[in-house]
Amino acid sequence: MLGTRRAESERGEMTEMHEIGLMYRWGKLVPGRERAGIEHFASAIEFFGKKLTEGVITFFEPYFSRTTDLETEAGFILIKGPREKVLELMEDEEYLVLLTKTSYLVEHFTVEMLTVGEEIQVQLERAQKVFAELGI
């Protein structure tokens with residue numbers, strides 16, 4: 001199923017792992033820090049590639065914008081992975097240092113948590129229930 005993966009638990013049982021996504025979005029490089037920003041981007045690609053290989057995340061892809069306000073939206077990275085592993089990643093010191101450096105090298109840096117896969121249907125059903133309760 002989309003957004004759900006099966007995995008073997010510590011007891012050898014097959015369980016479903018619900019996935020979440022993260023979107024890292026950035027604008028232009030901070031003037032005077034362009035070289036460091038480009039080098040840091042390479043480090044970020046290496047970091048997320050390593051996490052993909054380690055199985056911490058299940059999807060990772062960077063994108064550069066071509067047709068938008070490049071000052072505020074120069075590009076983004078999407079990652080996806082098992083909820084528990086992604087939440088653990090968000091507390092990892094190496095990850096936190098990576099994000100802190102990013103915030104000093106690019107403008108308009110944001111991180112968004114995304115609903116993906118099966119959880120989209122769950123979120124839609126929740127909204128329908130709330131609409132019914134509110135009479136809207």
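Me: Where does Arg25 sit, and how do you know that this counts as a strand?
Reply: Arg25 has its place in strand β2. Strands (E, at least two residues) and helices (H or I, at least four) are DSSP runs, numbered from the N terminus. Two things to keep in mind: this is a predicted model, so local features need pLDDT of at least 70, side-chain atom pairs count only at pLDDT 80 or more, and totals for chains, interfaces and linings use all residues. Residues are numbered from 1 along each chain as its sequence is written, and side-chain values use heavy atoms, with hydrogens and water left out.

Me: What makes Arg25 partly exposed?
Reply: Its relative accessibility is 23%. Buried means under 20% relative accessible area, exposed means over 50%, and partly exposed is in between (1.4 Å probe, protein chains only). The value of 23% falls in between, so Arg25 is partly exposed.

Me: Which residues does Arg25 touch, and what makes that a contact?
Reply: Leaving out residues up to four places away in sequence, Arg25 touches Glu73, Gly75, Phe76, His108, Phe109, Thr110 and Glu112. Contact means heavy atoms within 4.5 Å.

Me: Why is the pair of Glu112 and Arg25 called a salt bridge?
Reply: The closest N and O atoms of Glu112 and Arg25 are 3.4 Å apart. A salt bridge needs a side-chain nitrogen of Lys or Arg within 4 Å of a carboxyl oxygen of Asp or Glu. Glu112 lies in strand β5 and Arg25 in strand β2, so the pair ties together parts that are 87 residues apart in sequence. Salt bridges that share partners join Arg25, Glu73 and Glu112 into one network.

Me: How do you know that Glu73 belongs there?
Reply: The side chains of Glu73 and Arg25 meet in a salt bridge at 3.7 Å, N to O. This pair also links distant parts of the chain, with Glu73 in the loop between β3 and β4 and Arg25 in strand β2, 48 residues apart. Glu73 is partly exposed at 31% relative accessibility, and Glu112 is partly exposed at 32%.

Me: How many salt bridges does the structure hold?
Reply: The structure holds six salt bridges. One of them joins Lys80 and Glu19, whose closest N and O atoms are 3.9 Å apart. Lys80 is in strand β4 (residues 75–82) and Glu19 in strand β2, 61 residues apart.

Me: Is Glu19 buried or exposed?
Reply: Glu19 has 1% relative accessibility, which is under 20%, so Glu19 counts as buried. Glu119, in helix α4, is buried as well, with a relative accessible area of 18%. Glu119 touches His18, Glu19 and Arg83, not counting residues up to four places away in sequence.

Me: What about rings: how many aromatic pairs are there?
Reply: Rings of Phe, Tyr and Trp (its six-membered ring) pair if their centres lie within 6.5 Å; planes under 30 degrees apart are stacked, over 60 edge-to-face, and the rest tilted. By this rule the count comes to nine aromatic pairs. Trp26 and Phe64 have ring centres 6.4 Å apart and planes at 90 degrees, so the pair is edge-to-face. Trp26 lies in strand β2 (residues 14–26) and Phe64 in strand β3 (residues 59–64), so this pair ties together parts 38 residues apart in sequence. Trp26 is buried at 10% relative accessible area, whereas Phe64 is exposed at 58%.

Me: Which residues form one aromatic cluster?
Reply: Tyr24, Phe47, Phe48, Phe60 and Tyr95 form one aromatic cluster.

Me: What is noted about the phi of His108?
Reply: His108 has a positive phi of about 60 degrees although it is not a glycine. Most residues other than glycine have a negative phi. His108 has its place in the loop between α3 (93–105) and β5 (110–115), and its relative accessible area of 42% makes it partly exposed.

Me: And what is the order of the elements?
Reply: The protein has four helices and five strands, and from the N terminus on they run β-β-α-β-β-α-α-β-α.
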